[in-house]
Each structure stands twice: as structure tokens, then as C-alpha cells.
Amino acid sequence: MRFRGWIPLVLLAGLIVGVSAYTAVRQDAFLTEYNINNLLLATMPLALVAIGQTNALLVGGFDVSVAALITMCVVTASFTLKPDETTLALFLGSLAIVGVGLATGIFNATLIRIFRLPSIIATLGTLSILEGASLLLRNAPEGEINSNVIDALNTSIGFMPVAFVGVVLLVVLADIWLYRTRTGMAVRAVGLDETSARRLGMSTGLVIFTAFVVCSAMASIAGFYSAAQVQIGSPIIGDYALTSIAAAVLGGASLAGGRGSFVGTLLAALFLSLINNVLPLFQQPAEYAQMTIGALILLALVLYQAPDLIGRLRTSWGGVGRLETSDGEAPAA
Amino acid sequence: MSTPGPEPSVVLSLRGVSKAFGAVQAVRDVTFDCRGGEIHALVGENGSGKSTLLGMASGFLAPDDGEIEIDGRPRRRGSPGEARRLGLGIAYQTTSHVLDLSVAENLYLAASGNERPVYGRMERWATSTLEEFGVDLPVGTRVGALSLAQRQFLEVVKSLLARPKVLLLDEPTTALGPQEVQQLHALVHERSRAGVGIVYVSHRLPEVLQIADRVSVLRDGVKQGTFDAAGMSEDALVAHMIGRPLQLAFPERDGDGRVPEVLLDAAGFRGDRFGPIELKVERGEILGLAGAEGNGQAQFLRALAGVERAAGRVSCDGAELNTKSPLSALRQGVVLLSGDRMQESLFPVLSVRANTTVQVLRRLGPLGLLNRRRERRTVDDMAGRLRIRMASVEQPVQSLSGGNQQKVSLTRPFLRGDVKLILADEPTQGVDVGARFDIYEALRAKANEGVALIVKSSDPLELAGLCDRVVVMSRGVIVDEIPGNELGEQRIVEAIVGGRAAKKVEA
């Protein structure tokens with residue numbers, strides 16, 4: 001990874017430590033086992049869906065249908081994870097939720113790769129379909145979700161949810177895969193330059209297809225944690241589409257594809273949850289959180305794209321300069 | 001076609017392949033083979049089907065008809081990966097690098113499973129691989145930061161990684177200087193001695209005759225024959241490459257608007273892929289811009305119009321020409337007729353009327369309100385003058401034929417009163433023969449009004465017939481100038497394929 005790739009990670013880690021330290025000193029309620037556990041559990045749905053979103057961004061696409069898919073999964077859970085089900089039924093019910101995710105992913109990927117729709121349009125359509133379907137199934141929050149399942153999802157050792165440890169391991173492994181293996185590099189190559197990647201004999205179609213399926217699958221797993229939070233079949237779950245893109249971008253993913261970091265995405269998700277967590281402690285209205293997040297995203301975009309812009313200007317002028325030198329000496333000789 | 005026993009085996013064989021893009025038959029029933037250890041050159045003019053043929057051999061394009069065998073095994077599906085596994089390597093003209101990744105990473109991506117080291121040893125492996133092929137490149141550098149020549153060498157090394165039985169080189173020397181050409185040829189000879197069959201596609205006949213064992217000629221998608229390079233001359237090859245059934249008519253060069261006064265004066269003008277260029281164009285002159293595709297002609301024209309970045313000094317009509325943006329060039333009377341009409345000139349879904357008057361709306365009514373009658377009169381007038389054939393002026397431009405589309409984009413320099421220089425990039429590409437004459441006539445009419453024109457065309461016959469003078473570009477610079485009294489198709493083709501045909505004039 002070139003130096004530039006570290007900028008978002010360092011920046012986010014610094015922000016998280018800074019905000020936490022500032023709050024810990026001023027608010028006793030922040031650094032408690034209960035609050036930290038809560039904060040980490042609240043991060044789970046966003047972290048999972050943003051990790052999925054990072055896949056879509058890496059291959060140069062978006063998936064805005066994730067928000068509706070999470071809602072759909074919560075609504076599904078209210079039917080398949082009912083309070084008085086047997087373990088086997090709960091297992092099958094969980095598979096059904098993942099199935100909804102995979103089916104949505106395959107649907108999106110088919111629209112994008114086979115029917116060649118721009119990903120934003122394809123997933124907007126899916127978003128609308130899933131939203132309608134969720135409202136059809138539950139037009140108001142109802143249908144309690146099995147508390148054993150919720151407890152299992154929220155299992156924690158001290159302040160640390162077991163699942164959060166899993167996510168940390170996942171993003172570290174995913175970044176090693178992305179930057180230290182050939183297949184990871186191939187995925188980045190597809191995002192950076194699809195034509196060249198195809199000419200090199202890569203199955204670019206399969207890479208993009210898989211990325212969107214993985215994105216939806218991750219969103220359905222995020223659905224479990226969302227269900228654990230709301231605990232009821234609610235057809236109105238928060239807007240994860242934009243926040244997940246925001247987290248991925250804050251974490252260093254490029255909207256043009258080919259760049260991103262799963263660790264960065266997790267840090268960004270954690271940071272966004274942190275802001276939501278600390279503002280109420282300072283008796284500040286939650287609306288500020290939303291505005292802060294919006295401003296930060298814009299700032300991050302400007303900051304991270306700056307090297308690209310400068311680079312682009314330099315290559316277009318560099319091309320002019322290089323021709324002069326290549327007239328004289330043969331560079332490759 | 002099978003070869004007798006003692007001869008080396010055929011490593012690439014195409015039998016009766018055809019390919020059409022829409023209505024254009026790019027390649028028609030071509031049979032071609034390349035033996036192991038042989039350098040087989042493939043020549044032809046721009047658009048003669050060379051790249052299409054390579055695309056089919058390499059699996060990037062699927063042939064409509066015909067069979068392809070690589071190293072004696074038939075290719076089933078059309079995929080670059082399969083062709084590669086069967087033993088085919090290809091170095092593309094527009095290279096296949098991911099510019100944002102390093103040299104080592106690009107090499108690593110190009111390597112298949114068994115050629116690859118573990119990820120951590122990538123850079124060391126890349127260094128030794130480059131060394132093995134005698135190419136010296138900084139492995140840690142982003143490919144985007146390399147020169148075009150360096151990228152070309154990297155492209156060739158990439159195509160050699162899988163130790164192919166047959167290697168396709170598509171215009172490998174376009175970005176190379178003379179020294180680098182020698183270096184590349186040494187590499188090619190070395191590979192062919194190792195038994196690799198090499199298909200060498202190039203415009204440059206001296207290079208081709210120097211390196212090839214056999215030469216096949218394509219014209220209009222049809223193979224004209226395969227010859228031993230030893231017994232071939234440039235002249236004979238050129239004769240096979242041209243030879244056109246159709247005679248075209250051109251407007252007379254009456255020289256009405258010709259004023260011996262320099263309108264455009266470029267000095268040290270350079271940009272991406274071209275330069276430095278010194279060029280003067282007079283009022284009323286039609287200057288032709290010739291050269292093999294990809295030698296900077298299009299970039300030069302576009303830079304003059306402010307569409308691409310450039311540096312150096314250009315004056316137009318005595319004033320410094322501002323090439324910072326298309327608008328600034330337009331304000332000084334420089335109009336570009338883009339080679340990509342539908343993308344860059346026209347609004348395909350809008351009507352002929354809207355496309356015609358879009359640049360001059362201010363003139364068509366008071367207070368920014370359009371006077372429909374006045375607009376209609378203007379459009380009807382132009383349509384009559386340029387003989388635009390259409391059902392109605394409200395017809396969307398995309399439903400017109402290529403020739404009529406081009407005429408619609410031509411109305412714009414006619415309507416603007418302040419045009420001084422027209423830059424036409426392939427003005428008759430995709431235009432049927434009948435409409436061509438109308439376009440030539442319109443261009444000549446503008447010249448007679450005192451406007452200077454630079455016409456870039458890949459059709460030597462067109463340049464010979466239309467222009468007052470032709471300059472030939474190669475590797476981004478002007479290498480030859482052909483005055484009006486020497487103009488002829490043969491002379492232009494020789495200048496293009498020879499790269500430097502001036503020697504011919506002196507002899």
C-alpha cells in the first residue's frame with residue numbers, strides 16, 4: 001500500500017481517540033462498561049453494511065438498496081425468528097434472512113452485469129421494490145424477535161461484544177487479502193481499469209458480480225444486528241444507504257473504484273457511531289450528529305481526492321514534459 | 001492450410017474468419033497462418049481490419065464466422081484467458097496496463113498461476129523477469145508515470161510472461177524512437193529464434209521489410225495475399241495496400257480565397273502525444289494532416305481547438321491563440337469538427353433545427369426570445385446549401401445517415417460569421433460516397449471565403465484530392481511535407497509507411 005492509503009486510517013484513529021479522550025474527561029457516563037458495550041453494539045449494523053458497501057465501491061459501483069434490504073431482513077426476522085421457536089426453526093429462519101440477502105445480491109448483480117444498468121439506477125429500483133415489500137409485510141412495527149437470538153448476537157465479554165472482535169478480525173484479513181494477494185490486487189485492477197483488466201485475462205464480470213452479491217450478503221448480516229437493536233419487525237429502519245457509502249468513503253474508498261480499505265471502513269463506522277453516542281451525553285440534539293457527519297464526509301472527500309486531482313494535473317502536464325526528454329535519450333534503453 | 005512435414009508447425013491458424021460491426025464488414029473471409037519461429041508481418045491501411053483480425057485471434061472479439069487454432073488446438077469460446085492458455089500472447093497498441101498500479105504489480109497481474117511467485121517476492125521476481133528480456137524499468141514506479149515507450153516495452157514483456165507459442169504485436173513501435181525500435185527488434189528476433197511465431201502488425205513498411213520473413217496484406221478487410229519479405233519492395237506492398245475500385249470526385253482547387261498571408265502560425269507547439277510542431281497555414285488553404293493512426297494527429301488538432309492541453313506558441317490572424325478552453329479558441333474563430341460527431345459535436349436526440357442553430361441563438365431573436373420564423377428560415381437555407389437530406393427539420397439528428405449528420409455539424413462554421421480556422425477530424429468517416437462530395441464542396445467553399453482549414457484524414461486518396469498541401473505526422477512530429485504539385489495517393493501512402501519519405505524525393 002502506498003503512503004496515501006494510510007491517510008484515512010491515521011486520521012480516523014486520531015479522531016476516535018481525540019473525541020473519546022475529550023468526552024471521557026468531561027462526562028463520567030462515557031467510559032463505562034455499559035456505554036462502551038452499547039457503542040460497539042450500535043456500530044455493528046453500520047460496520048457490516050459498510051464493509052459490504054466497500055466491495056461495491058472497490059469495483060466502481062454503488063449499492064443504495066442496502067438500506068431497504070436491512071429493513072427487509074428485520075421484517076423477515078419478525079416472521080422467522082419468533083419468540084417461541086425451536087432451535088432448528090431459528091436456524092432455518094436465520095438462513096432465510098441470509099437467503100433474502102443473497103437473492104437481492106444476485107438480482108442486483110444481474111441487473112448490473114447482464115443487463116448493464118448503472119449500479120446506482122439498478123439498486124435504486126431494488127431499493128424501492130424492497131421498501132414496498134417490507135411495508136406490505138409489516139405496515140407498522142410489530143412482531144417481536146426471539147430474545148435468545150438477540151442475546152446470542154449481543155454476547156459480550158466485559159465491554160467487548162464477541163461479534164465486534166469478529167468484525168475486527170474480518171477487516172484485518174480482508175485488507176491483507178486486498179493489498180497482499182493476487183486476487184485482491186485483481187479486484188482493485190478491475191475497479192481501476194476494467195478494459196485493461198479484461199485484456200489481462202481476468203473475469204471482470206465475475207469479479208463485479210461477486211462484489212455486489214457479497215455487498216448484499218453483508219447487508220443481510222447487518223440486518224441481524226439491526227433486528228437485535230429494534231427487537232421488533234419495524235418497516236422503518238435508519239438510512240444505511242448513504243451512511244454506509246459515507247463510512248466507506250471516510251475510510252478511504254474512492255468513488256471511482258479501485259481504492260479502499262476495510263479497516264478504514266470499520267474505523268469510519270466506529271467514528272460515526274461515536275458521534276451519535278457522545279452528542280446526547282453533552283445534551284446536544286441528535287440533529288447535530290447528522291450535520292457533523294455530513295460536513296465530515298464532504299471534508300473527507302475533498303481531502304482524499306486532492307492527491308488525485310493534483311496527480312491528474314501533473315500527468316497531463318507531465319506528458320508534455322516527458323515528450324521533450326524522450327526525444328533526446330531512450331528511456332528504456 | 002496445413003504445412004508439409006519438415007516445415008515448422010503452424011502455431012496460429014485462422015481459417016475463413018469474418019467479422020462485422022453493424023453494417024461495416026471489418027474482416028471478410030480471411031485465412032492467415034503463422035509458423036513457429038517465423039516473423040509474419042500484417043500490413044494494411046487504417047481501417048483495413050488488422051486490429052479486428054488480432055482481436056479475433058486473441059479472443060477479445062468473437063468472429064462471426066470461421067475457425068481459429070492456436071498451437072494446433074481449436075479455440076472454442078472467445079475469451080482472452082482461453083487464448084492465453086492455448087499459448088497466445090498479445091501486446092496491444094493501446095496498452096493493457098492499470099496505470100495506478102506499479103510496474104511490478106502490472107507484471108504480477110499479467111502472470112498466470114504457475115509463473116507467479118508468492119506475493120511478497122513480487123518485486124524481486126519482476127526485476128529478474130525484466131532482466132531476462134533485457135528490458136530495464138523501475139519496478140516500483142506507477143505505470144502512469146512511465147513514458148509511452150517504457151509502457152510499450154512493459155506491454156511486450158507482459159505478453160511474453162506465459163512463454164507463448166505465438167506472439168501478436170500490434171503496432172509495437174508507434175511510441176518508440178529509432179534506437180528503441182532496434183532494441184525491440186532485437187527482442188523480437190531473440191524470441192523468434194527461440195521458436196516463437198510472431199505476428200507483427202505495423203504501418204511502417206521499412207521496419208516490416210527489415211524484420212519480417214513473410215508479409216500478408218489486408219485491404220478493406222480482405223486479404224490481398226501473403227508474400228516472402230525477401231522478394232518484396234515497399235512499392236509493391238503499397239500497390240497491394242491501396243488499389244481502390246472507386247474513383248471519387250473532388251471540387252476544383254480554384255484558389256479564389258487563397259491569399260498568401262499566414263493565418264495560423266504554430267511554433268514549438270506540443271502536448272500529450274505530439275510536438276514540438278512548427279506549422280504555418282495560409283488563408284484560404286486546405287492543409288491535409290496525414291499519418292498512421294495514433295501518431296498524434298488527432299491530439300494536435302484537438303489541442304489547437306483548446307480541447308486538450310498543450311504548450312508552446314500559436315498565433316491566429318496575428319493574435320496569440322488562446323488554447324486554454326474550447327470557448328477561448330472558438331472566440332478567436334477556431335472551430336473543431338470532431339471525429340466523434342455523436343459524442344462531441346451533436347446532440348443526437350435533438351432536432352436538425354436545434355443542432356444547427358445552437359451556437360447562434362442570440363442572433364435569432366430579440367431579448368433572448370427565439371424568433372421561430374427567422375430560425376426556420378436560417379435552417380432551411382443551410383439545409384438547402386449543404387444538401388442535407390431529411391424528412392423534416394424537426395427530425396432527431398441521430399436518425400440521419402452519417403453523411404447528413406456530418407453536414408449538420410458543418411452548418412455551424414457556416415452560420416458563425418467569425419470563423420477563421422476550421423479543424424476537421426476525419427470529416428468523411430462513416431459518410432457514404434454520395435454525401436462525401438457535398439462535404440468536400442462545403443469545405444472548399446469555406447476555403448474560398450478565406451478561411452483556413454486543417455483536415456485530418458486516414459484516407460490518402462481523400463487528402464490527395466481535397467487538399468492544397470499535406471503534412472505527414474509520425475510519432476507526434478511532422479516528418480514530411482507534400483506540396484500541391486506532388487500530391488497523389490501513392491506519394492502520401494509512401495510518406496506514411498516510410499515514416500520519412502523525403503529521401504525518395506531527393507533520389
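This is a predicted model: local features need pLDDT of at least 70, side-chain atom pairs count only at pLDDT 80 or more; totals for chains, interfaces and linings use all residues.
Residues are numbered from 1 along each chain as its sequence is written, while chains are lettered from A and ligands numbered from 1 in the order in which they are written.

Chain A contains 13 helices and 2 strands, where helices (H or I, at least four residues) and strands (E, at least two) are DSSP runs numbered from the N terminus. Its radius of gyration is 22 Å, close to the 20 Å that the globule rule gives for 333 residues, so chain A is as compact as a globular protein of that length; the radius is taken over C-alpha atoms, and the rule is 2.2 Å times the number of residues to the power 0.38. Along the principal axes, the C-alpha trace of chain A spans about 80 × 50 × 30 Å. Of the 333 residues in chain A, 45% are buried, a residue being buried if 20 or more other C-beta atoms lie within 10 Å of its own, exposed if 12 or fewer, and partly exposed in between, with C-beta atoms placed from the backbone. Among contacts in chain A between residues at least 6 apart in sequence, those joining residues at least 24 apart make up 79%; two residues are in contact if their C-beta atoms, placed from the backbone, lie within 7 Å.

Chain B has 18 helices and 20 strands. The radius of gyration of chain B is 25 Å, close to the 23 Å given by the globule rule for 507 residues, so this chain too is as compact as a globular protein of its length. Its C-alpha atoms fill a box of roughly 80 × 50 × 50 Å along the principal axes, and 51% of the 507 residues count as buried. For contacts in chain B with a separation of 6 or more, residues 24 or more positions apart account for 67%.

Chain B is assigned domain 1 (10-241) and domain 2 (259-345 + 419-506), with bounds that come from an automatic or database domain assignment. The centres of the two domains, taken over C-alpha atoms, are separated by 31 Å, and their contact takes 12 residues from domain 1 and 12 residues from domain 2. On the domain 1 side, α7 (205-211) and α8 (234-241) of chain B each supply at least two residues, and the largest share, 3 residues, comes from α8(B). That side of domain 1 divides into 4 nonpolar, 5 polar and 3 charged residues, where Ala, Val, Leu, Ile, Met, Phe, Trp, Tyr, Cys and Pro count as nonpolar, Asp, Glu, Lys and Arg as charged, and the others, Gly among them, as polar.

Several strands of chain B can be followed through their pairing, which requires that DSSP finds at least two bridges between two strands. Strand β3 (residues 39-43) runs parallel to strand β9 (residues 214-219), joined by 4 bridges, and B:Ala41 has B:Val215 in β9(B) as its bridge partner. β9(B) is also joined to strand β10 (residues 222-228), in this case antiparallel and by 6 bridges, with B:Leu218 opposite B:Lys223 in β10(B). The hairpin of β9(B) and β10(B) has 2 residues between the strands, and B:Asp220 takes a positive phi near 50 degrees there. Further along chain B, strand β11 (residues 259-271) and strand β12 (residues 274-283) pair in the antiparallel sense over 7 bridges, and B:Val262 stands opposite B:Glu282 in β12(B). These two strands form a hairpin with 2 residues between them, where B:Arg273 in the turn has a positive phi of about 75 degrees.

Where the chains meet, 27 residues of chain A are in contact with 36 residues of chain B. On the chain A side, α8 (182-192), α9 (194-199) and α13 (286-328) each supply at least two residues, and α13(A) gives the largest share, 8 residues. By class, this side of chain A has 13 nonpolar, 8 polar and 6 charged residues.

The largest nonpolar core has 233 residues, of which A:Ile70, B:Leu423 and B:Leu453 touch the most other members; such a core is a set of buried Ala, Val, Leu, Ile, Met, Phe, Trp, Tyr and Cys residues joined through C-beta atoms within 7 Å. Helix α10 (residues 204-230) of chain A supplies the largest share of this core, 16 residues, and at least three residues come from each of domain 1 and domain 2 of chain B. Leaving aside neighbours within four places in sequence, B:Leu453 is in contact with B:Ile286, B:Leu287, B:Ile422, B:Ala424, B:Leu443, B:Lys446 and B:Ala447.
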